[in-house]
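Hi,

Here is the structure I promised to pass on. Have a look, and my notes follow below.

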Amino acid sequence: MSSGTFLIMRHELLLIAAALLVLIAEIFWNPDKKGSISLFSIILFGVITIIGFLPSPSGSLFGGMYVSTGTRLIMKNILNIGVLLVFIQSVTWLKKEENSEKISEYFLLLLSTLVGMNFMISAGHFLIFYIGIELATIPIAALAAYDRFKNKSAEAGIKLILSSALSSGVLLYGLSMIYGTTGTLYFSEVATHFGNTNLQTLGFIFFFAGMAFKISIVPFHLWTADVYEGSPVNITSYLSVISKGAALFILIIILFTVFPIIIATWQKTIFVTSILTMTIGNLFAIRQQNLKRFLAFSSISQAGYILLGLIGGNQLGMASVIYYILVYIFSNLGAFGVVTAISNATGKENIDDYNGLYHTNPKLSLIMTLALFSLAGIPPVAGFFGKFFLFTAAAQKGFYLLVLIAVLNTIISLFYYLLVVKAMFINKNETPITMFKSDFSTRFALGLCVIGIVVTGFASIIFEVIRNLSFGV
Amino acid sequence: MDILSLFVVIPVLTITAILLLKDTQQVRLISAFGMGLQLLMAISLVILYLTARHAGNNDEMLFVKDYLWFKSLNIHYTVGADGISVAMITLTSLVVFAGIFASWEVEFLRKEFFVSLILLATGVFGFFISIDLFTMFLFYELAVIPMYLLIGIWGTGPKEYSAMKLTLMLMGGSALLLVGLLGIYFNSSPDGSRLTFNILEISKVVIPLPAQRIFFPLTFVGFGVLGALFPFHTWSPDGHASAPTAVSMLHAGVLMKLGGYGAFRVAIFLMPQAAHELSWIFIILTSISVIYGAFGAIAQKDLKYINAYSSVSHCGLVLFAVLMMNQTAMNGAIIQMISHGLMTALFFALIGMLYGRTHTRMINEMGGLMKIIPFLSVCYVIAGLASLGLPGLSGFVAEMTIFVGAFQHPDLFYRIVTVLAVSSIVITAVYILRVIAILLLGPTTNEHFEHLPDAKWFEKISAVTLIGSVAAIGLAPFWLSAMIGTSLHPIIEKILSLNPF
């Protein structure tokens, strides 16, 4: 291996090194100061995030099994930003008594899932892709059961591992059909050998169903709400933002590069699933009282909107998907950040508990409002731009009906986002959540989210950079 | 910094200043100062505009500034103004200025109230200066969303229901609008050159007719929801009745005008052929708005509901007139927007002031107020007379022009609907005069009312500003209609070149 090889695999190697360093730190760290492992890990990861943005050569390794391009790098960098935010948001929670023994595990496991996602995104071969997806999923199941003395948390872990095992099985079954009909698992070769035979289409459908589990697209979404509710809030936000984002990234790459021949097939598939995902996600979100479940269903419907960017198979579509996921990271982490802060301080997670929040905690309420408006796509925050570009991408290919259904769905989503806003600003409450002051890490993370929500939209340069790196079918 | 962008920058600066203030007493002073500055700017804009036109500048839009924003999609931040937008900007600054003084005594969460109010105004100003469809849409949505908090927090009655209904219906309208705008964008260069959101550039091409047939109704209804187009007007009575005074003023006075303005500037101007083909459907709907709104007002007992239904009727007349698609009627439509904006803002301000004193808005619970609070009562009479179209006040000029223009159509269908719409004047007279008779004249029914104080200084500022403008338009309408008329020429020409009647 030459030094150039190392540079190409920079993201993965650095993350593995960081994971090992955290492990070593756990062994040699002074047992009385275990809390500072958080700080150490965050600084370490912050440095990695910054290094990720340095210019890097693109190329492929291991005979084309591993591919690194500008597009894939920006995807990894976006995930890094998201993970960094999740890390900073978890500090307060990790300081709690019951978690003090397992701080390093938290970072270790999250870092290894991130390595898995990076390999998945950089895959040029279905095996690497599969290894990446498993590495990204299994540690997460352990983390979902992090509060292992809580029944719900343990249940969430089991549910996640079982459903992802099932989805992996479905995915592998589809891959086996693809292998059987094309004789290869390299992306580039599958693309050239792929035809339109029924078995190949079936293989594709199984592959898509497997991915739909990971992204929680309706009708493969049933695990989502329970897992999100049972897991600790930080893991929930990680699942809903980072895992989902990574799976969408690789899905769009595979659809555009491996399956361009059957574009008509996957356009139909996406058309139906996206309508189902948006609508069902929204209708269920209306009924939720627990904010974690609420955000779970809202994130299902968000996945439905993102599918609009995939459907056209155009360059604008890929750009809008990557851009929207960046926006979505900031918005959803902003919302989850507020939920985390309140859950840490008071243990309350229901919408009713937020009644009258504005009068006691105005800043948190404003951040929550901003984040929810961004999720709903209200200007001038970034979510508006993200949604606009997604819809433009679909309209460019003539899917006006789908766009109309999607915008009508945003109205439904606005209804339930406004219910939370109403609780905070309008509803009266005899015993509102008392005023509390969050610690530095929470405020810092929320501040970053707010900056992200506001700036990502207006600064057109971000979208233009992403667009220049994107490609169409 | 160009003069038009200042109309967005000043409100934003005002909001920032308010947010930084610790003392809530100064909030309203800062707001009044900011919006006063805005009013002065609007007046100087009118002067600058007239001098430029006088000097022979015949561009379609003046003060055009263009900044590239999203390069790959060719989205620009482009501002520009013609006589119509200048008139609308002036209207907006008048109403906002009056609105600040009408809400002088808001106590609850004062800072947040003024911030939301000015944010709403920012959206409206931004909408009127934009000539890029993307920024126009952005500002349009920005204007709608603060309404939810304004009605939900500071409103009265079933405020949560009304706020939600209003927000969702208006956002539903903007959902249709978004699809319409995307349709326009992707058909903006049939010859395959660069797609654009710029209204002026799109107006130079002809959007293919099949596309027009799909996207004209979407765009028109999208804007029509905000312009209280029947059957999408139901947010208006509830919303206006529950909203606090200044919000009703701004909403009926200005925000509903975004609907009318957008309907002709975007829907009709860019897709005139489909507009001509489909206009009969919408003319029927708007005629229903006009007449149904007026009858609705007769049936109501709550002052705000009366005025809300009357707004449905008057705004229906705006859409009715733009659909006639000739110079006179469109001219009337724009004067009607301005006249109704001022008049209805005056009405809502006065209703707010009355309610602040009597704590009721039911007309049958009040009576004989003329003797007790003469200043407010006289103002109310003036507003009423303007509303029923008395010569010398703005309403007469507007409605007269509209009906003359509408009757110019030789076609029997147009003449019949015009005759029907004209009947609304009579119905308007019924409800206005009935309210005045019960409310202001006659014996004082409630002894608690006998010691009510008359208008305070800030209320007088609010009322006099608006009455002055209503009278000015009524007495000297030619300046306004000349300013609008020259700007309407290119629009009418485009319509006529594609639709030989």
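Among contacts in chain A between residues at least 6 apart in sequence, what percentage join residues at least 24 apart? It's 79%, where a contact means two C-beta atoms, placed from the backbone, within 7 Å.

Some housekeeping: this is a predicted model, in which local features need pLDDT of at least 70 and side-chain atom pairs count only at pLDDT 80 or more, while totals for chains, interfaces and linings use all residues. Residues are numbered from 1 along each chain as its sequence is written, with chains lettered from A and ligands numbered from 1 in the order in which they are written.

Chain A has 20 helices and 2 strands (DSSP runs numbered from the N terminus: H or I of at least four residues for helices, E of at least two for strands). The C-alpha trace of chain A spans about 65 × 55 × 45 Å along its principal axes. Of its 473 residues, 60% are buried, meaning 20 or more other C-beta atoms lie within 10 Å of the residue's own, again placed from the backbone.

Now for where the chains meet: 25 residues of chain B are in contact with 25 of chain A. On the chain B side, β1, α5, α6 and α7 each supply at least two residues, and α7(B) gives the most, with 12. By class, that side has 17 nonpolar, 5 polar and 3 charged residues (nonpolar: Ala, Val, Leu, Ile, Met, Phe, Trp, Tyr, Cys and Pro; charged: Asp, Glu, Lys and Arg; polar: the others, Gly among them).

Cheers

Key
Buried ≥ 20, exposed ≤ 12 C-beta atoms within 10 Å, placed from the backbone.
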